[in-house]
Structure formats: C-alpha cells, structure tokens
Amino acid sequence: MFRLSEYMHQIKEPTPVRTRRGSGPVKPVVIWNLTRRCNLRCRHCYTVSADVDFPGELTREQAMETLEDLGRFRIPALILSGGEPLDRRDLFEIAARARQLVRMLALSTNGTKLHGDAADRVAEIGFDYVGISIDGIGKTNDWFRGVDGAFSDALRGVRECKARGIKVGLRFTLTEGNHTSLADILKLCDDEGVDKFYLSHLVYAGRGDKNRGEDAEHKRSRWAMDLLLDRAWQGVDGGRPLDIVTGNNDADAVYFLNWVETRFGAETAAHIRAHLAAWGGNSSGLGVANIDTLGNVHPDTYWSDYTIGSVKSAPFSELWTGDDPMLAQLRTRPRPLKGRCGACAFKTECGGNTRIRALQVTGDPWAEDPACYLSDSEIGIDGVDYERLTVTPFRGKRHDPAHRFA
C-alpha cells in the first residue's frame, strides 16, 4: 500500500527517515478472509465469492485459536475481510477478541449490511477503520457489483458509520469500465465526510484474472494518479483533508517521486526518495500476509495458488517465520526481478511491484509487471537491453490444487 497523503506531508513538513528497529522477520499486517459467502457478485472479486455456504472454512474454535496466535505474535494490524465478513455468524465474537489482541483492527466490507444492529456492534467493538468498496456511482457500481441497489445500500453503510463516529473509507478498483467515475467518487468522499480513499489497481486474481481485459490502460492509470496527486496536495496545502492511499501498483510511488522533482526540485525529491526507500515498495510476503477462508496462508491476498501452509495444522507465527522458499525470495532486496523490473533504477523504492500479475501473464513471478505504466526514461532504463533479462517459467512450490478457489 502506497500512502500518498503521508508522503505528501513530507513536502511541507519533512521529518527524519525512520529506520527499522530490531531483528528477525517483519511482523505483517494480516488480511484475514473470514468467509467466501457474499451477497454481491463483483466482476473483479479475487476470492470468487458467492451467496452460498462454502465447505472447509475455519470453525469458530480454529478461528479463535488462530486469533490467539496472532496476538502472541504481536502483528501490528488485522483486517477482517471476506467475501462479506458480516455474513460470518461469529464475526463480532472474533472481532471483540481481536480488539483485545491487536493494536489496529479494520473491517473490509461491501457496506450493504452495515446498518442498524450491525453498525452498532462495529461501533461498540471499536474498529479503528471500516473500508467500504464502491466501484462507481449508482448503476455503474451496481453493474460492477452484480446487484441492483448495491450503491444505495453501501452509501447507507457509509452514513451509518459516520453517524456513529467510526472512521470510514471508500475503496475503488480502477478498471477501463469505471475510470470515468473516479472524480465523482472523490466528490462523494468530500460530500459525505469520508476520512480515507483507497484506489486499488486491478490484480489478475479470481474474477479479476478472468476480467483482466478490463484493466485500465496505462494512460488511464497515469490520468488517475494525476487526479489523486492534485487532490492529495489540496489535502496537505489547501485545507481539504482526505487521506489518500493506493494499492497493487507500487509504480505509483515512482510516479509521485517524478511529480515531486518536477514541482519542488531535486533536494525535496531526494528527501522523499529516502523515505520511499525506507518503505521499500511492494511488501508481499514481508509486511503483509493473508489467511484465506480455509486457513491457508499466502504471501498476500491475491496469491491464492501459492500456500505457505495452513493454520489448521501449524500456527501462523510458525509458518511465517519458517523456511518457505518463496517467502525467502520475496524478502530478498533487491528481488530477483527480470525484464524492465530487473533493469529499473527504482527497485529499492518500488520493490518490483505486484508479482502476481507477472505470474499470471508469464508463469514467472519475477518477470516484469505488465501493469507498470511508467516509460523507460521515467524508470532510468533508456537504451538498456532489458530483453536479455529473460523470463523463464516458475518451478517453485505451488498451492495444493485441491485447496484452490473454484
């Protein structure tokens, strides 16, 4: 996740670069898919959820045992997701215990059921943040989400959260079919007093893989970033607060860095670059982890075809600190990247971007990310023969096919 507004603040109020303290593996933010059941049918759903019960999901006892382990491991944040997490009957029992164990607790929901008693419980438990996914205004959202009325129901969820003093954000996945809605979504954030906006670039996983033809063209990604840069700067310099972050395309950090240098000069850009290098870009397998509905642990939420192990047979903390070969490579800096990503002058700041897209397109997780929208000159490889950095099929351990999402 690229925290655009946070780095924008470094332009006006620069602070020393923070360095990591301590030894051992980074404790990750854990995104936990509690259930695949969901009342919507989103075209880009990475878990291929549906409004049915799926076999093999963690029992209450298994979920609570996992939660205790996460607490002992001292993860910094836990995001409860789905499917639609409100469709899991014991969600609030899990959340209440999680609130006692983790510093930051968030809920990722489609918002359509977040009203009345459910909204009261979210407020009572004390979630730090609720992210509600919207893919356009009105019928545009309903088409993407596969259910008429999904937009109005989600907007009600936003308002119910605000009425209870819950920090709420909107999450928007950019595709070729909805990019024209971005300005309207940002206006909606302002009109409704939304605290945070998250732009997600499409990842080729689940139905998102089947719909990869809808991925926004590179020029659309650049246009979207220009819009976000302008709005984020207004938040920092113009008194219009809105916390803006982006995800699933770490090239955003380099695009921002070029924007800084153009407008504020080399010295400011050098300061920003030092902060970006300390962040390190893509953190799959390092600063972020995923537990899916079956208890399988993945490097991030989109790597459903690669499993480190299962919390049904070993604690998450043990799996995360073990000797998994893919985790070892993901944690290597620089990563063993190929093609444009391997030649890029900003590997330290970007981290190689989103590896699952490279894997889906080429069969090799270390190939260049096809969604990088920066030119050769922008990433410092003009005249570099990066084609010699060949792409070869990946031969590593794969997810047990019996456990793959249908």
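Modeller: Some ground rules before we start. Residues are numbered from 1 along each chain as its sequence is written, and side-chain values use heavy atoms, with hydrogens and water left out. Since the model is predicted, local features need pLDDT of at least 70 and side-chain atom pairs count only at pLDDT 80 or more, while totals for chains, interfaces and linings use all residues.

Biologist: Okay, what makes Arg 97 and Glu 68 a salt bridge?

Modeller: The term asks for a side-chain nitrogen of Lys or Arg within 4 Å of a carboxyl oxygen of Asp or Glu. Here the closest N and O atoms are 2.6 Å apart, so the pair counts as a salt bridge. The structure holds 23 salt bridges.

Biologist: Which parts does the pair of Arg 97 and Glu 68 tie together?

Modeller: Arg 97 lies in helix α3 (residues 91-101) and Glu 68 in helix α2 (residues 60-73), so parts 29 residues apart in sequence are tied together. Helices here are DSSP runs of H or I with at least four residues, strands are E runs of at least two, and both are numbered from the N terminus.

Biologist: How do you know that Lys 113 and Asp 87 form a salt bridge?

Modeller: Their side chains meet at 2.4 Å, N to O, and the limit is 4 Å. Lys 113 sits in the loop between β3 (104-109) and α4 (117-125), and Asp 87 in the loop between β2 (77-81) and α3, so this pair ties together parts 26 residues apart in sequence.

Biologist: On to Asn 353. Is Asn 353 buried or exposed?

Modeller: Asn 353 has a relative accessible area of 1%, so Asn 353 is buried. Asn 353 is in the loop between α15 (347-350) and α16 (355-362).

Biologist: What makes Asn 353 and Asp 369 a polar contact?

Modeller: Their side chains are joined at 3.4 Å. A polar contact needs N or O atoms within 3.5 Å; within protein, one must be able to donate a hydrogen and the other to accept it, and residues adjacent in sequence count only if both atoms are side-chain atoms.

Biologist: How do you look for empty space?

Modeller: Rolling a probe the size of a water molecule over the atoms shows where empty space is left.

Biologist: How many cavities of 30 Å³ or more does the search find?

Modeller: One. A cavity is a set of points on a 1 Å grid over the protein atoms alone where a 1.4 Å probe fits but cannot get out, and lining residues have an atom within 4 Å of a point. The largest cavity holds about 90 Å³. Among the residues closest to its centre are Cys 341 and Asn 353.

Notes
Buried means under 20% relative accessible area, exposed over 50%, partly exposed in between (1.4 Å probe, protein chains only). On a 1 Å grid over the protein atoms alone, a cavity is a set of points where a 1.4 Å probe fits but cannot get out, and a pocket is an open set with protein on both sides within 12 Å along at least five of seven lines; lining residues have an atom within 4 Å of a point. Grid points are joined across faces, edges and corners, and a volume is the space filled by probe spheres set on the points.
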